[in-house]
Amino acid sequence: MTIKRITLHGIRLPLKRPFKIAYDSYEEIESLVVSIESTRGDIGWGEAVVDQHVSGETWQAARDVIARELAPLLIGQPADDIGAFHRAAEARIRHNPSAKAALDIALHDLLARQCRRPLYSLLGGRCHERLELPCVISMLSPEEMARQADEACRQGFRSIKIKLGDTPEADVERIARVREALPPGMALRVDANQGWSAKQALEVIRRAAPYRVEWYEQPVFIENLEALARVTQATEAVIMADEPIHGLRDMLRVIRLEAADMVNIKLMKSAGLHAARAMADLGMAADIPCQVGSMVESSIATLAGAHLAIAHPNIIANDLVGPEMIASDVAEMPGDGTHIPLDESPGLGIRVDGDRVRELSVFEARID
Ligand SMILES: [Mg+2]
């Protein structure tokens with residue numbers, strides 16, 4: 001059985017409310033949805049959501065990379081050889097991890113559907129009982145963030161992640177106000193999205209000590225892994241690396257430099273599940289627990305992350321909240337927004353609405 005056809009749709013997904021982080025703000029999400037069809041008629045779905053501040057890819061550029069460089073490598077090839085795809089893709093073009101992730105996810109979905117097994121079975125089997133989701137709160141006024149945190153508690157969330165990266169004064173105030181709004185057992189996590197210098201990060205961490213922050217994600221600039229290492233080594237607070245850590249070699253650099261206590265793996269940085277799994281393995285060998293994060297992705301890429309997260313013993317948290325932020329998704333996301341249930345359905349476990357994908361489509365390409 002080989003790969004017959006690949007279809008690519010560029011779609012725009014409106015958000016329920018604008019998403020604001022330290023380096024940008026978003027009202028809608030630009031996504032690339034791919035489907036891979038085998039000669040037997042099975043279809044696997046994948047998705048890329050680029051973040052140009054992180055991987056340097058744009059929506060249009062990723063479309064061209066998928067349509068012209070990567071998808072043609074797959075036509076006529078065996079549908080079950082994901083490693084061969086990655087070797088060919090690396091030989092063809094460097095970087096472009098989100099474009100590669102779209103096809104990697106579709107290949108995994110296709111393979112699992114052909115096996116009539118849920119994707120997590122192919123990734124090591126279910127090892128966690130439940131995938132709890134955090135409530136992610138944009139960087140807004142302290143009062144508004146506290147109000148949203150209070151609302152999240154009522155909705156049944158057990159952890160809150162707040163977006164920061166402003167001045168230390170303003171951010172300590174936000175942490176304090178949000179903590180006051182939470183019951184004692186509630187986990188509070190901070191993501192500065194590179195917004196602080198190393199000294200500012202240490203100042204925030206020192207002043208926010210009474211507010212019990214579970215971990216601080218990417219306090220400093222993406223290019224400065226040495227600064228991240230300085231922060232990590234100067235504090236007892238738990239520091240998580242995100243934006244600079246794309247693939248396996250970056251994971252190795254974190255370990256060698258002792259640059260972070262945890263790593264946020266994202267399929268859009270790692271070129272998909274294939275390397276993400278190896279990164280989580282390497283982290284486990286070095287006592288670095290991992291989170292599976294996400295860009296603001298639809299149910300397609302989000303569920304790929306969820307299957308990895310539930311299958312890997314070293315993935316202890318996730319940030320798979322895209323579908324909760326999207327006003328109208330391309331498939332029905334399982335769960336109530338506070339957790340992701342995964343059942344025995346084959347592949348990613350969703351039925352993608354092909355008509356809706358076509359409806360939302362701004363551009364389309366067919367490779368066969
Ligand atoms: Mg982050």
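Notes on the model. I am working from a predicted model, in which local features need pLDDT of at least 70, side-chain atom pairs count only at pLDDT 80 or more, and totals for chains, interfaces and linings use all residues. Residues are numbered from 1 along each chain as its sequence is written.

Entry on the annotated lysines. I turned to Lys163 and Lys266 since the UniProt annotation "active site", from an unreviewed entry, covers both; UniProt positions are in the numbering used here, feature names are shortened, and annotations may be inferred rather than shown by experiment. I located Lys163 in strand β6, residues 159-163, where helices (H or I, at least four residues) and strands (E, at least two) are DSSP runs numbered from the N terminus. Leaving aside residues up to four places away in sequence, Lys163 touches Ile21, Ala22, Ile137, Ser138, Met139, Asp191 and Asn193, a contact being two C-beta atoms, placed from the backbone, within 7 Å. I found Lys266 in the loop between β10 (262-265) and α10 (267-270), and Lys266 counts as buried because 27 other C-beta atoms lie within 10 Å. With the neighbours up to four places away in sequence again left out, Lys266 touches Gly293, Ser294 and Met295.

Entry on the whole chain. I noted 14 helices and 14 strands in the protein chain, and 51% of its 368 residues count as buried. The radius of gyration is 20 Å, which agrees with the value near 21 Å that a compact globule of 368 residues would have; the radius is taken over C-alpha atoms, and the globule rule is 2.2 Å times the number of residues to the power 0.38. Of the contacts with a separation of 6 or more, 73% are between residues 24 or more positions apart.

I followed an open, antiparallel sheet of four strands in the order β3-β2-β1-β14, where two strands pair if DSSP finds at least two bridges between them. The edge strands, each pairing on one side only, are β3 (43-48) and β14 (361-367). Strand β1 (residues 3-21) pairs with β14 in the antiparallel sense over six bridges, and I picked out Thr7, whose bridge partner in β14 is Arg366. Helix α3 (residues 97-115) packs on the sheet, touching β2 (24-38) and β3, and its direction makes about 155° with that of β3; axes are lines fitted to C-alpha atoms, for helices over the stretch in contact, and angles run from 0 to 180 degrees between N-to-C directions.

Entry on the domains. I read the chain as domain 1 (3-117 + 353-367) and domain 2 (121-340), with bounds from an automatic or database domain assignment. Their centres, taken over C-alpha atoms, are 24 Å apart, and 38 residues of domain 1 are in contact with 34 residues of domain 2. On the side of domain 1 that touches domain 2, α3 gives the most, with ten residues.

Notes. Buried ≥ 20, exposed ≤ 12 C-beta atoms within 10 Å, placed from the backbone.
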